[in-house]
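Q: I would like to learn how to read a protein structure, feature by feature. Please give the general idea each time, and then the case shown here.

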Amino acid sequence: TKFGQNNILTIPIYLRYCQKGEKLSTISTPFCQECDPGQYSDVEGPGVQMSCTKCSKGQYQPESGSIDCISCTIGRYRDVESSKRICDKCPDGSSQNNTGSSSCNSCPLGRFRDSTVLKLLDGTINDGNICDICPVGQYTNEIGSKTCISCPSGKYGKYIESPKVSWSPIAGLIRPDCLLTVGSGWKNFGK
């Protein structure tokens, strides 16, 4: 501390350029402040702005002072900007097979998703990336189904001829496929 011209007290201030993960602040010291969770900055030096960039939909960042955001993994989504919370799992009846998604896709007719079912029909893990097909003799009658419904009593599930076995199932039926038909190519699944 020293007195300068006209006996005015002068205090030296040492400035530094802001680093990645920081924003410029003129309100408080230090003049470089960390980006808040849900935001980031990948700029350093004289190009640093007074605000950080918000994480986009489909991303999140739980830490302050970050240089990027984390994309949602498959089977998850985030539908708001500037999120600091990990992405939500797709709800039952929907799936998402892309990373960085802001929404999930409703299961189409003939498919379903129930998060309590740990494995899909083909034996793979149910991580929310796809909707499973309804087993043979079951169907869905609406988009976004959480479960499949058994064909009604006296109704049949469709089978087709295959070169390797005498009959193979067509899974993923929709309601009109449960027909009251007797004869070659149909198998009774009703109770």
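Q: How many cavities of 30 Å³ or more does a search of the whole structure find?

A: First, the ground rules. This is a predicted model, in which local features need pLDDT of at least 70 and side-chain atom pairs count only at pLDDT 80 or more, while totals for chains, interfaces and linings use all residues. Residues are numbered from 1 along each chain as its sequence is written, and side-chain values use heavy atoms, with hydrogens and water left out. A cavity is a set of points, on a 1 Å grid over the protein atoms alone, where a 1.4 Å probe fits but cannot get out. Grid points are joined across faces, edges and corners, and the volume is the space filled by probe spheres set on the points. Here the search finds one cavity of 30 Å³ or more. The largest cavity has a volume of about 40 Å³.

Q: Which residues line the largest cavity, and of what class are they?

A: A lining residue has an atom within 4 Å of a cavity point. For the largest cavity these are F112, R113, D114, V117, L120, N126, I130 and D132. Ala, Val, Leu, Ile, Met, Phe, Trp, Tyr, Cys and Pro count as nonpolar, Asp, Glu, Lys and Arg as charged, and the others, Gly among them, as polar. By that scheme the lining has four nonpolar, one polar and three charged residues.

Q: How many helices and strands does the chain have?

A: Helices (H or I, at least four residues) and strands (E, at least two) are DSSP runs, numbered from the N terminus. This chain has zero helices and 20 strands.

Q: What share of the chain is buried?

A: A residue is buried under 20% relative accessible area, exposed over 50%, and partly exposed in between (1.4 Å probe, protein chains only). Of the 191 residues in the chain, 30% are buried. Areas come from the Shrake-Rupley method with a 1.4 Å probe, and for residues only the protein chains shown count as cover. The chain exposes about 12,100 Å², and carbon and sulfur atoms supply 52% of that area.

Q: How many disulfides are there?

A: A disulfide is a covalent bond between the sulfur atoms of two cysteines. The rule used to find one is a pair of cysteine sulfur atoms within 2.5 Å. By this rule there are seven disulfides.

Q: Where do C35 and C52 lie?

A: A disulfide joins C35 to C52, with 2.0 Å from S to S. C35 is in the loop between β4 and β5 (39-40), and C52 is in the loop between β5 and β6 (53-54), 17 residues apart. The torsion about their S-S bond is about -85 degrees, so this disulfide is left-handed. C35 is buried at 0% relative accessibility, and C52 is buried at 10%.

Q: Which residues does S41 touch, leaving out those up to four places away in sequence?

A: Contact means heavy atoms within 4.5 Å. With that exclusion, S41 touches K20, G21, E22, C35, C52, S66 and I67. S41 sits in the loop between β5 and β6 and is buried, with a relative accessible area of 9%.

Q: Is R16 buried or partly exposed?

A: R16 is partly exposed, with a relative accessible area of 49%. Its place is in the loop between β2 and β3. Leaving aside neighbours within four places in sequence, R16 is in contact with E22 and C32. The C-alpha atoms of R16 and G45 are separated by 8.4 Å, although these residues are 29 apart along the chain.

Q: What is the phi of S82?

A: S82 has a positive phi of about 60 degrees although it is not a glycine. S82 is in the loop between β9 and β10 and is partly exposed at 25% relative accessibility.

Key:
1 Å grid on protein atoms, 1.4 Å probe; cavity = no way out; pocket = protein on both sides within 12 Å on 5 of 7 lines; lining within 4 Å.
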